[in-house]
Amino acid sequence: MSSETGNHTAGAAGERRPGGREQDALDRQALQSRMAQIGHKILVLSGKGGVGKSTVAVNLSAALAMAGKRVGLLDVDIHGPSVPKLLHVDGTPLTGSENTLYPVKVELFPGSISVMSIGFLLRERNDAVIWRGPRKYGVIKQFLKDVEWGTLDYLVVDAPPGTGDEPLAVAELLEKADGAIVVTTPQEISVQDVRRCVVFCREVNLPVLGVVENMSGYTCPKCGERVGIFGSGGGENMAREMKIPYLGSIPIEPEVVASGDSGVPMVKGFPHSETAKAFGRIVRALLEREPEGAKSVVAGNGKPLRIAVPVTGGEMSSHFGQCERFVIFDVGEDGKSVGRREELVPPPHEPGTFPRWLHEQGATVIIAGGMGSRAQSLFNQNDIRVVVGATGGAPDVLVRDFLAGRLETGANSCDH
Ligand code: ADP
């Protein structure tokens, strides 16, 4: 972090008087236009600190990125912004200008996480403590409004713990969020905090996507016996009682601490751990909420959905660079119905040509069999989302299945 940037931005947010209704309206407009480029917004909340909220936010974001999503991770936990450390980007200098801050990119093939943390702005860890209530609100607001995310499928927000003014500010400012994931540990005291969190969500009209019970039991690596260090099942019982979805439990695993220290999320560094598997299940549940395979893209960049499929001999070509032509489909505003279909012959293939050319044709998605990470990032830079691992067949069938959320994708056959 450059101390100049931190100093400047935190100070500006703090000093600036809201400036009356006019300024508020301008700020809201700026925030809304940033948010319009984001498909899904998910808040990660907890009744108190130390229950693993940031660990959940980071692993959730990483698992979504590894599922091919463009993810933003926003850490507004003023009192303990730990996301930069958990992703090994602490100390990264921020770039941007007065009203624009660029997030720090963490590539997690095939997707990526754009990270922004209030921790990048703090000159010293004690800074937050001296901010008074209204200043904290101002900082959170400015921060949300000024980050240049670009187009994202998901924005995961690591919110301040508790149910006070700070999480309230986040919930209010992130209007139309999909909902909150509430993290708890199994102890009765923590579960009570979560009850308060659930009531809080209801008061601010924020749907509760579900509860995750973290630190739920420990399995002895020597004898395999499961020990409920903080108990277990409290979160699940509470979820049942409050009629909210239970998303699963994450055990105590020493690797979680090691992963936090090394800055490599569990889902990447320890993919076979119970923790990684639990996140896999949570992310699948979230992705199943996307009824049409590409809905997030439609809502995401505000452009009409236009899907390109590389084709040779009437079937999807698994090596897009060698295809004879592209079949391009327009999708209706409902994100489900297929409209106009056209077949176009691309220019001679050289690295970067197809992404640019398809962008000029208005394509927003390409369905491909295999694609290397460099090519994927060129498509992403041209605002085209890449769906890899399609196993072949007629382009019309692939697109129909994609829109119905049932396109089967296997391994990326070109993952060099
Ligand atoms: P919060 O964001 O709620 O304050 P953190 O995610 O920072 O909590 O986690 C607090 C501490 O607990 C960290 O040191 C983290 O590594 C550790 N931790 C979190 N979840 C687990 C787990 N399932 N097993 C072992 N340690 C964990």
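Strand E2 (residues 70-75) and strand E7 (residues 152-158) run parallel to each other and are joined by five bridges; strands are DSSP runs of E, at least two residues long, numbered from the N terminus, and two of them pair if DSSP finds at least two bridges between them. Within E7, Val157 is the bridge partner of Leu74. The model is predicted, with local features requiring pLDDT of at least 70 and side-chain atom pairs pLDDT 80 or more, while totals for chains, interfaces and linings use all residues. Residues are numbered from 1 along each chain as its sequence is written, and side-chain values use heavy atoms, without hydrogens and water.

E2 and E7 belong to an open, mixed sheet of eight strands in the order E5-E6-E2-E7-E1-E8-E9-E12.

Helices are DSSP runs of H or I with at least four residues; contact means heavy atoms within 4.5 Å, and angles, from 0 to 180 degrees, are taken between N-to-C directions of axes fitted to C-alpha atoms, for helices over the stretch in contact.

H3 also gives the largest share of the shell around the ligand, three residues. The ligand is surrounded by 16 residues, the closest being Gly50, Lys53, Ser54, Thr55 and Pro251, where near means a heavy atom within 4 Å. A backbone N or O atom of Gly50 lies 2.8 Å from a ligand oxygen atom, and one of Glu253 lies 3.1 Å from a ligand nitrogen atom.

Technical notes: A polar contact is a pair of N or O atoms within 3.5 Å; within protein, one must be able to donate a hydrogen and the other to accept it, and residues adjacent in sequence count only if both atoms are side-chain atoms.
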